[in-house]
Amino acid sequence: MNPLLQTDRLYFREFTLNDAALLYEMHQDPAITRYTGDPIPWDSIERVETILRDGIIPQYQHQMGRWAVHLKSDNTFIGWCGLKEIDGEVDLGYRFLQQFWGKGYATEAAKATLEYGLSKGLKNIIGRASIHNHASISVLKKIGLMYLKNYKEGEVESVKFVCDVTGFLNNK
């Protein structure tokens with residue numbers, strides 16, 4: 001397998017339809033979905049296959065997508081991170097299995113993903129999080145995104161951060 005991205009501890013690969021069960025199991029944990037406000041429920045493997053087929057996999061042809069993230073040490077799947085076009089912006093998103101929280105993986109993966117997006121010339125890279133998801137907001141700040149605004153996404157009160165490309169590249 002040829003990883004799409006690598007960091008010191010992680011590697012990223014494209015999802016396939018064979019990963020539907022992994023994502024289904026991951027999204028059964030209410031702690032993971034607590035702040036997401038997902039408009040489409042991850043309520044069956046068939047639904048996850050549809051999300052993969054119609055939403056995630058097609059973005060790979062545009063140098064974007066949500067990618068499976070694994071530990072290099074033992075190939076363990078720990079979650080996902082990646083870029084997705086939403087309303088003319090490129091959203092940097094991530095979710096990790098709860099047992100991998102607090103170990104710096106989200107920050108490591110998000111930073112590598114941001115660097116990847118910038119290296120591909122992508123513009124308008126943003127990060128979004130529920131105003132109550134302090135850990136996710138902390139990750140967005142750690143990777144150099146700057147606060148833009150508060151807004152409401154469905155029923156979820158959220159905050160949006162934006163990449164200051166000049167500042168990011170100067171502090172890299």
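Visitor: Which residues in the largest nonpolar core touch the most other members?
Guide: This is a predicted model, to start with. In its largest nonpolar core, which has 50 residues, Phe-12, Phe-15, Leu-23, Leu-92 and Tyr-94 touch the most other members.

Visitor: And where does the largest share of this core come from?
Guide: From helix α4, residues 105-119, which supplies eight residues.

Visitor: Let's go back to Phe-15. What is Phe-15 in contact with, leaving aside its neighbours within four places in sequence?
Guide: Quite a list! Among them are Leu-23, Leu-52, Ile-56, Trp-67, Phe-77 and Trp-80. Leu-52 and Ile-56 are both buried residues of helix α3, which spans residues 45-56.

Visitor: Okay, which other residues are buried in α3?
Guide: Val-48 and Ile-51 are buried there too. Seen down the axis of α3, the buried residues fall within an arc of 95 degrees, so they line one face of the helix.

Visitor: Why would residues a few places apart end up pointing the same way?
Guide: An α-helix has 3.6 residues a turn, so residues three or four places apart point the same way.

Visitor: What covers those buried residues of α3?
Guide: The cover includes helix α1, residues 20-26, and strand β3, residues 65-71.

Visitor: And what does the face turned away from the buried side carry?
Guide: That face of α3 has the exposed residues Glu-46 and Asp-54. Asp-54 also meets Arg-53 in a salt bridge, at 3.8 Å from N to O. Asp-54 counts as exposed because its relative accessibility is 55%, over the 50% cut-off. Arg-53, at 44%, counts as partly exposed.

Visitor: Switching topic: in what order do the strands of the sheet come?
Guide: Eight strands make an open sheet, running β1-β2-β3-β4-β5-β6-β8-β7, with mixed pairing. At the edges stand β1 (5-6) and β7 (145-153); each has a single partner strand, so one side of each is left without a neighbour in the sheet.

Visitor: How do β2 and β3 pair, parallel or antiparallel?
Guide: Antiparallel, over five bridges, with β2 covering residues 10-14. Glu-14, for instance, stands opposite Trp-67 in β3.

Visitor: Which strands does helix α5 lie across?
Guide: Helix α5, residues 134-142, lies across β5, β6, β7 and β8, and runs at about 160 degrees to β6.

Visitor: You mentioned a salt bridge. How many does the structure hold?
Guide: Eight. One of them joins the side chains of Arg-47 and Asp-43, with 4.0 Å from N to O. Arg-47 is partly exposed at 35% relative accessible area, and Asp-43 is partly exposed as well, at 49%.

Visitor: What does Arg-128 form a salt bridge with?
Guide: With Asp-91, and the closest N and O atoms are 3.0 Å apart. This pair links distant parts of the chain: Arg-128 sits in strand β6 and Asp-91 in strand β5, 37 residues apart.

Visitor: Is Asp-91 buried or exposed?
Guide: Buried, at 4% relative accessibility. Arg-128, at 24%, counts as partly exposed.

Conventions. Residues numbered from 1 in each chain as written. Predicted model: local features only at pLDDT ≥ 70, side-chain atom pairs only at ≥ 80, totals over all residues. Heavy atoms only, no water. Buried < 20%, exposed > 50% of the residue type's maximum accessible area, 1.4 Å probe, protein only. Helix = DSSP H or I, 4+ residues; strand = E, 2+ residues; numbered from the N terminus. Arc of directions from axis to C-beta. Contact = heavy atoms within 4.5 Å. Core = buried A, V, L, I, M, F, W, Y, C linked by side-chain atoms within 4.5 Å. Pairing = 2+ DSSP bridges. Axes fitted to C-alpha atoms, helices over the stretch in contact; angles between N-to-C directions.
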